[in-house]
Amino acid sequence: MGMMSKTSSALRRFQNDESGTTLVELAICISLFLLILFAILDFGILGYNWVTAEKGMQIAVRIAAVRPPVCDEVPLVHLSNPGNSNFFKAGTLCSTNGGICAQIDKQCLLSEPAPGNASATATADEIWSKLEVLLPAGALRSNVLLSYEYDPRLGFIGGPYIPIITARLVGSEDGDSPNGYGELPFQFVTPLSALAAQAGASDVTGIPGTIPFPGIEVTLPAEDMNQGVQG
C-alpha cells in the first residue's frame with residue numbers, strides 16, 4: 001500500500017506540473033512569429049529595391065537623353081519621310097503636317113549597344129556604372145531596356161533627332177508583352193513556404209519563392225546637347 005500510495009502521489013504531481021508549458025507554447029508560436037518577421041523583412045527589402053530601382057531608371061534615362069543613342073540605327077537628324085510626295089524644306093516642323101518627318105522607333109537592351117559604335121558602347125557603360133548598385137540583386141545589363149520613339153511634336157526636318165526615350169526594368173523575353181519582355185522576378189531572401197508549413201499551413205504550394213518585381217519605367221525627351229569646343 002505504501003508503494004502504491006507513493007506512485008499515485010507522484011502521478012498526481014506529474015499531472016499537475018505546469019513547469020514545461022512555456023516551452024510547449026514557444027514551440028507552437030515560434031514558427032508563426034518567424035513567418036511574420038521574415039515576411040516583413042522580405043517585403044521591406046522589396047520596397048527598398050523598388051525605390052532604388054526607380055531612382056536608377058531616372059538616372060539611366062537622363063544619361064540616355066543627353067548622350068549618343070545606345071541602340072543601332074537611331075538617326076542623328078530628323079529625316080524627311082520618304083513616302084511623302086510633297087516637298088518640305090529643311091527647318092519645317094515635324095508637327096506642321098502628319099508624316100512630314102520619318103518615323104523611326106528603336107529599342108535595345110543595355111547589354112546590346114549598336115555594334116561597332118564606340119559612342120553607343122560608351123553611353124551604355126556610363127549608364128551601367130551608375131545603375132548597377134541600384135538594381136535588385138541578380139539584375140544584369142540585359143534587364144534594362146531602352147526605347148527611342150519618334151514624337152511628331154518634337155524637332156524639324158534637318159534638325160537634331162529628338163525622340164522620346166524610355167528606360168524600363170524588364171525580365172526575360174515574352175512575346176505576349178507589348179515591349180516583348182516580361183517582368184523581372186524578385187527572389188525572396190527567406191523560405192516563406194517552409195516557415196508557413198511549420199506554422200501549421202496545410203497547403204503551401206501557393207506561396208512562391210519569387211514574385212514579379214513591380215514594373216518600372218521612366219520617360220524623357222532627348223536633348224540637343226552641343227558638345228563642341230565652346231560647349
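Predicted model: local features only at pLDDT ≥ 70, side-chain atom pairs only at ≥ 80, totals over all residues.

Visitor: How many disulfides does a search of the whole structure find?

Guide: A disulfide is a pair of cysteine sulfur atoms within 2.5 Å. The search of the whole structure finds 2 of them. One joins Cys71 to Cys108, with an S to S distance of 2.2 Å. This pair links distant parts of the chain, 37 residues apart: Cys71 is in the loop between helix 2 (21–65) and strand 1 (106–109), and Cys108 is in strand 1. Here helices (H or I, at least four residues) and strands (E, at least two) are DSSP runs, numbered from the N terminus. The other disulfide is formed by Cys94 and Cys101, whose sulfur atoms are 2.0 Å apart.

Visitor: What is the handedness of the link of Cys71 and Cys108?

Guide: The link of Cys71 and Cys108 is left-handed, with -95 degrees about the S-S bond. The link of Cys94 and Cys101 is left-handed as well, with -85 degrees. With bonded cysteines counted along the chain, the disulfides follow the pattern 1-4, 2-3.

Visitor: Is Cys71 buried or exposed?

Guide: Buried means under 20% relative accessible area, exposed over 50%, and partly exposed in between (1.4 Å probe, protein chains only). Cys71 counts as buried because its relative accessibility is 4%. Cys108 is buried too, at 10%, and both Cys94 and Cys101 are buried.

Visitor: Which residues of helix 3 are buried, and where do they fall when seen down its axis?

Guide: An α-helix has 3.6 residues a turn, so residues three or four places apart point the same way. In helix 3 the buried residues are Ala120, Thr123, Ala124, Ile127, Trp128 and Leu131. Seen down the axis, they fall within an arc of 130 degrees, so they line one face of the helix; the arc is that of the directions from the helix axis to the C-beta atoms.

Visitor: What caps the N-terminal end of helix 3?

Guide: Asn117 does, with a side-chain oxygen 3.0 Å from the backbone nitrogen of Ser119. A polar contact is a pair of N or O atoms within 3.5 Å; within protein, one must be able to donate a hydrogen and the other to accept it, and residues adjacent in sequence count only if both atoms are side-chain atoms.

Visitor: Which backbone oxygens does the side chain of Thr52 reach?

Guide: Thr52 is found in helix 2 and is buried at 13% relative accessibility. Its side chain reaches the backbone oxygen of Asn49 at 3.1 Å and that of Leu134 at 2.9 Å. Thr166, in strand 3, is also buried, at 3%. The side chain of Thr166 makes a polar contact with the side chain of Thr219 at 2.8 Å.

Visitor: How are the rings of Phe186 and Phe213 arranged?

Guide: A pair of aromatic rings is described by the distance of the centres and the angle of the planes. Rings of Phe, Tyr and Trp (its six-membered ring) pair if their centres lie within 6.5 Å; planes under 30 degrees apart count as stacked, over 60 as edge-to-face and the rest as tilted. The search of the whole structure finds 1 aromatic pair. The ring centres of Phe186 and Phe213 are 6.2 Å apart and the planes are at 40 degrees, so the pair is tilted. Both residues are buried.

Visitor: Which residues in the largest nonpolar core touch the most other members?

Guide: A nonpolar core is a set of buried Ala, Val, Leu, Ile, Met, Phe, Trp, Tyr and Cys residues joined through side-chain atoms within 4.5 Å. Of the 41 residues in the largest one, Met57, Ile127, Leu131, Leu135, Tyr148 and Phe213 touch the most other members. Helix 2 gives the largest share of this core, 8 residues.

Technical notes: Residues numbered from 1 in each chain as written. Heavy atoms only, no water.
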